[in-house]
Amino acid sequence: MMPSPPSRRALLHRAGAGAGLLGLATLFQDQHLLAAPDPLAPRQPHLPARAKRVIWIFINGGPSQVDTWDHKPALARHDGQELAGFDKFTGFFANAVGGVMKSPFEFRPRGRCGKMVSEIFPHLGEHVDKMAFIHSGHTESNNHSPALFAMNCGLPRMGLPCAGSWITYGLGSESRDLPAFVVMSDPLDRGLPKGNASNWSAGFLPGVYQGTWLKPKGAPIDNLLPPPNLPPAAQRDQLDLLARLNRSHRDAHPGDPDLDARIQSYELAYRMQATAPETLDLSRESEATKRLYGLDQPHCRHFATQCLTARRLVERGVRFVQIYSGGMENQRSWDGHSDIKGNHSQFAGETDQPVAALLQDLHQRGLLEDTLVLWCGEFGRLPVAQKGAKPGRDHNPHCFTAWLAGGGIKGGVSHGQSDELGHKAAVDKVTVHDLHATVLHLLGLDHEKLTYVYNGRRFRLTDVAGHVIRPILA
Amino acid sequence: MCNAGPPVEAFPLRQASSRKDSRPRQRDPVISVRLLLTLLLLLRPVSLPAQALPLPADHAARMKAGTALFTASIRPVLLEQCLDCHGGEKTRAGFSLASRESLLAGGDSGPAIDSSSPPRSLLLALLRHEEEPFMPAKKPRLPDATLEAFQRWIELGVPYDRPLVESASKPAEMTVTDADRAFWSFRPLAVPADPNPGSPRNPDHFLAEARAAAGVTPNPEADRRTLARRAALSLTGLPPAPGVLEAFLADSRPDAWPRFVDSLLASPAFGEHQARQWMDVARFAESSGFEQDYDRPSAYHYRDFLIRAFNQDLPWDRFTAWQVAGDELAPGEPLALQATGFLSAGVFPTQLTEAEFESARYDELDDMVGTTSVAFLGLSIGCARCHDHKYDPIPARDYYALAATFATAIRTETEIEFAPELHRARLAPWEARERELAAALAVHETSLAPAFGSWLRAPDRPGITAPSVWQVLEPVSLTARDGTTFTPQADGSQLATNPAPAREEYTVEVAVAAGSTALRLETLTHPSLPRQGPGRAPNGNFALGDLVVTSRPSVHPEARPVPLKLVAARATHQQNTGSLSVASAIDADPQSSGWAVDSGGIGRDQAAVFSWGTPLATDSRLTIRMRFQVNGQHSPGRIRLSSTADATAPPGTGDGVPGPLASALDRLAKAGPDALSPDQTSVLRRAWLATDPGWKQRDAALQAHRSVRPRPDLRPVMICSEGLPPLKHHADGRGYPHFYPQVHVLERGDPKRKKEVASAGFPQVLLRDGASPADWQVPPSQGARTSHRRATLARWLTDPERGSGHLLARVAVNRIWQQHFGRGLVATPNDFGFQGSRPSHPALLDWLATEFIAHGWSTKHLHRLILRSDAWRQAPDHHPANAARDPDNLLLWRFPSRRLSAEAIRDSLLAVSGLLDPTPFGPGSLDESMRRRSLYFTVKRSRLPNVMVVFDWPEHVVSIGLRPSTTVAPQALYFMNSPEARRYAEALAARSNGSLDAVYRFALQRSPAPEERDAATAFLTSQTRHHHSPRAAELALADFCQALLASNEFLHLP
């Protein structure tokens, strides 16, 4: 007896969308997104996609725009002067506000476009013609975890799905035996980004859309390897037995596609056992590639490993990869409250060659055409000093710089401007929602249509705002 | 969550009164620009304020751009050039531009703005001097750039960031009408008359007619084994225990089924399973979330409240009321206090900057309002935070009225005595025994009176003090920096009588004789101290970070004290020889090292001797400062100081003559008994008694008994209340106030844009027949600590006659129905509003709600009703004909089999493998390998257990009414490879003793079919060959068990 095709309602529920979508069939406009029994099946986007996957280099802690990509000669002219009208509650330490502070780094023009780039990025400077810079980014919170949540999930609150989850929900996974959304955090015991796993949470979306965190220590994915006392042949036979049990149970209970889905899930898991370790095994890469990323350099080996892993993941169809540079706060990340020179030199040093290599490698393999690479943190830093023995810079929600490269991005352009000192976004201001809308757009998703109904409200990554930043599109 | 929108006034204008019916408002934000343009064309030339339009897709962006333009270019011109005559001091020509509304309303000459054709707006014509009167009056024409800005502004919908004159603002607020109240969920309960009044009604009566009309035939009843397994898993989240199932199958009484159901309802596991489901709705967790994710170690009492409430069948109205206002309604009832953990379970960013204080508090109020309204009423009131609700008749001011209800409610901790009756029962015999022992001692003392008298007068009276090199010192003064109070004891010691502060510092001044070379500090035990002391920390320990002595001559008390350098320190016991040694009390580090006495020294008297080498030259005053900062509450509970001239005196305890006794003895020796003061006689009597073995024995018996006085079971419990000290956190250091006494209505949810102060109230759509919040008011008593606003809310929530109790009941019975059929009669359990589903069987829903209320809001009654129904007891079989007519099984022609929840899966694995630890209540655990039921996982928001998350555990940040149920590879990996899955399999194999029958009986509560037995036997034979181990057969059976426990049959509700 053939089971009748499952109803749309049943499909929605099995897709994990039950909580959000039941009963809303008439209102839901994006039925195709969920018209498959597998919640991770690949789906067609709303629009022609320019990018199929995303690698987000998260500059954790808040990189200083004026010491990296947003060259501000005026800082030197006003060095040491008080910044008139400055609200001392802008940053985190209201009692340590110093005068305007010039960048400790030299800038020089790089690439054909002549972009002024800080000396801390000797390798990345080679690739400015691939990058579109946004110098007018701004956000709401001056505090790490709310700002991280805003950058990842749209609003400075807990409980919302992050961009990676929204994208996986919208597009599914190209890979059948790897997680769709992978997150890598600092492997040098400097901790997780503030707010921990909430930064790659699926919020109220089904849990299948949350990021898979590759543990920096031990087995990277839970339960990936068979138990020690179960030889491979024994596990294969065990799974064959299980399939047999499940098939006869299914035959006695027709009409429930869930039962079939589980039978398939065991086969998929069995394949993952082989694929995932192979993907994470960098020994298969050539020596030249390893050197390109800096695997032979102690100061950046960890980040090189993660960037090369990211390439291997996207190559195999992983949709969204996020790598955090640094962990927690202060000297453990780009959070240069003290010694901005030492702090940014160190973290730029850890990431410069690996990220540059990633761009080059993706480009050489033809992957950059449809892979979007995003470089940004949760906020920027202030043009005034945070006082101390070695001065630093405090948090600045009013201005940050981000760059994008790859699929659908016009290279060598700069969009928006900060004010003369890089204190506040001034021209063509860009919100976090705009950034998200642009990323979704490049992936073929209309940020106003990618919605999920939860507890009576239709939610979007971009809340009720967001504009695609068209001038940076190729 | 809508507060990130641009700061603009509502656009486009809505005319709430034009709504005649209760259909959802067509204001869908996701709508194409083309459709909007079409609508605009159709509507021409109607000017703007006439019609509520769908929002254009770029609405937010337009508003943002428009507002920015207004602020930068329009507002200054209006203020400077126009306002004086038009809405400021005067309003000429009936035209005011003080606010957007008045501008759009136009003046005596008609509309000023033409939205369909902005360039043709009258306002522009006057400003361009194309029409008279030229504006601004008697002033030059405005620059072209400004005129262009005006046109652009009109094209963008004339947004204002705020009115030019505050009082001019008359926002077109949503009005709530009786038509709104006619929406199905807001209406009173209505049950059609019973067509067969003779027999009791049941859910099947309501389904039968619809099934017949649709031509759908329900399945026959499932077999009894299936039913028993289904019922146990549904009600308790565990499979039936071995023996229970057999007993039921053997029960041939006609009421065997109801009896079986009742036995499950009476099982303690019932409350645990039900509690866990409500924890989803209550977004319950035990940490604060955000970056620190601090633990809330006393939050688990809310979970324990839920278990007890369900097991006791606490009526749902009280269950509801206590969660909202238990502290106000039943302050003496521990369960009611625990229940308020509902309100305090939300996330909170404990690290805040000053700029975030107010918005953080409004977010917290939003969590309380949102969760309360969604959980109990199925209403997404939280949507009205930034503007009137887009779909439901809930104006923003109703939202703020609810927020004001919680204005002063804070997260706090209180100490609750658990099981006071048990304490009383233990105390009574203890007190009786204490009286006996005290009486025995008193009788003995009386009998000794003559002997004491003889001793006093005896010329050669024997000594009553042991020889000692120590002179016990009477403090001249004794102070404690952080509030410790002392009571002097007979032996010259000082007993601390209040709970220890976190950090403490004692300063003692004593007089010592010339020649003294050392000081002894005794830290003594006492029955009143934790574990008898000698320390005041919960473990009985203390840690003396440092001890510093300064000295000055007694004859020159005004002299500047000079430090006395301590050269050696010895002790009766020290916790280690490093940072907790006695030597570390005189090192330079008062913070991280100091003398402590755990590891063998707790419950015993201890002493340390500090010496300074050179004897004091004169009688001296010593000031001794002791700091206790090494660890929380680590100060000693009873101290005594002595001095000696013997530099080699060992550190002993208990010896030494206290000052009053020494002087009494001296006086007795010099002047005889008649010269003694009454106090001195009493001191001598006490010391003399201590030499009598009979007295010593009786006194010791009494002291020993006092030391075992039963203590009440007092535990800190996190609650929500008012007027108590808020639970401290990180942001306190920056001065976070925890609450603001007044809640304001906020423009666009922005705390920087406050409007009027909101007063507590309820959603108007749930106030019928002219009722007002005052009708439920609970006036606070004189001097009440709390406002009783929440008590008022609770009364209204639970009032089915005039309040919102009817909706409360509908939402509750729907959740229980959903628990049993996988889908509620309303498929959106957290949304009973316009956006939510309509009930599939409205009469059945209302009948269940009516039954529920009529049976004292008993959830167990509802479970009984449902489990006795044919709909629930039918087989899960699939039938193509039925499926063709009703593919969603809305008519319940089959029992909807489905995957078990994360908890039921894990708990079943533990149960069938014999590993389950059924210990109920108390603090939970983060250990994924723990063996208690899954609801005892501590819900730490940043560390959700992987095994739970893999099976669709929610995030516990917002209320979840229905979990998704997914089938993904990580679940398969869990069964295949996790250490736990292997452990369960091996335990099941071990307890089955090699018997396939036993494996099946434990795991699936049935015997294997012949072909299953054959397959299993073949598998075991071949699998044994894979394992090159003496235990190959055992391992093969474990492999089999692992497969069985991973099978769909095990994972699915049958």
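This is a predicted model: local features need pLDDT of at least 70, side-chain atom pairs count only at pLDDT 80 or more; totals for chains, interfaces and linings use all residues.
The interface between the chains comes first. In chain A, 81 residues are in contact with 83 residues of chain B. Several helices contribute to the side of chain A that touches chain B. Helix 1 (8-21), helix 3 (144-153), helix 5 (232-252) and helix 6 each supply at least two residues. Helix 5 of chain A gives the largest share, 11 residues. By class, this side of chain A has 37 nonpolar, 31 polar and 13 charged residues.

One helix pair shows how the two chains meet. Two packed helices are described by the angle between their axes and the distance between the axes. Helix 6 of chain A (residues 257-280) packs against helix 30 of chain B (residues 969-977) at an angle of about 75 degrees. Their axes are 8 Å apart. Angles of 65 to 115 degrees count as roughly perpendicular, and helix 6 of chain A and helix 30 of chain B are therefore roughly perpendicular to each other. From helix 6 of chain A, the residues in this contact are A:Ser265, A:Tyr266, A:Leu268, A:Ala269 and A:Met272. They meet B:Ala969, B:Gln971, B:Ala972, B:Leu973 and B:Met976 of helix 30 in chain B. Eight residues of this contact are nonpolar, two are polar and none is charged.

The nonpolar cores are considered next. In soluble globular proteins, nonpolar side chains tend to be buried together. Here the largest nonpolar core holds 292 residues. Within it, A:Leu374, A:Leu404 and B:Leu1045 touch the most other members. Helix 34 of chain B (residues 1032-1045) gives the most to this core, with nine residues. A second, separate core has 46 residues, including B:Val508, B:Ala543, B:Ala608 and B:Val609. Beyond its neighbours within four places in sequence, A:Leu404 is in contact with A:Met131, A:Ala132, A:Leu372, A:Val373, A:Leu374, A:Ile409 and A:Ile472.

Strand 1 of chain A (residues 53-59) is largely enclosed by the rest of the structure, because seven of its seven residues are buried. In a regular strand the side chains alternate between the two faces of the sheet. Both faces of strand 1 of chain A are covered. On one side, A:Arg53, A:Ile55, A:Ile57 and A:Ile59 are buried. On the other, A:Val54, A:Trp56 and A:Phe58 are buried. Strand 1 of chain A pairs with strand 9 of chain A (residues 371-376) in the parallel sense over six bridges. In this pair, A:Phe58 stands opposite A:Cys376. Six bridges also join strand 1 of chain A to strand 8 of chain A (residues 320-325), and these two run parallel. Here A:Ile59 has A:Ser325 as its bridge partner.

Chain B contains an open sheet of five strands in the order 3-6-14-9-10, with antiparallel pairing. Strand 3 (477-480) and strand 10 (562-564) of chain B stand at the edges. Each has a single partner strand, so one side of each is left without a neighbour in the sheet. Neighbouring strands are turned by 25 degrees against each other on average, direction ignored. Strand 3 of chain B is joined to strand 6 of chain B (residues 504-512) by four bridges. Across this pair, B:Leu478 stands opposite B:Val508.

Finally, B:Ser287 lies in the loop between helix 11 (268-281) and helix 12 (300-311) of chain B. B:Ser287 counts as buried because it has 21 C-beta neighbours inside 10 Å. Among the residues it touches are B:Asp293, B:Tyr294, B:Lys940 and B:Arg941.

Note on methods
Residues are numbered from 1 along each chain as its sequence is written. Chains are lettered from A and ligands numbered from 1 in the order in which they are written. A nonpolar core is a set of buried Ala, Val, Leu, Ile, Met, Phe, Trp, Tyr and Cys residues joined through C-beta atoms within 7 Å. A residue is buried if 20 or more other C-beta atoms lie within 10 Å of its own, exposed if 12 or fewer, and partly exposed in between; C-beta atoms are placed from the backbone. Two residues are in contact if their C-beta atoms, placed from the backbone, lie within 7 Å. Axes are lines fitted to C-alpha atoms, for helices over the stretch in contact, and angles run from 0 to 180 degrees between N-to-C directions. Angles under 35 degrees count as roughly parallel, over 145 as roughly antiparallel, 65 to 115 as roughly perpendicular and the rest as oblique. Ala, Val, Leu, Ile, Met, Phe, Trp, Tyr, Cys and Pro count as nonpolar, Asp, Glu, Lys and Arg as charged, and the others, Gly among them, as polar. Two strands pair if DSSP finds at least two bridges between them.
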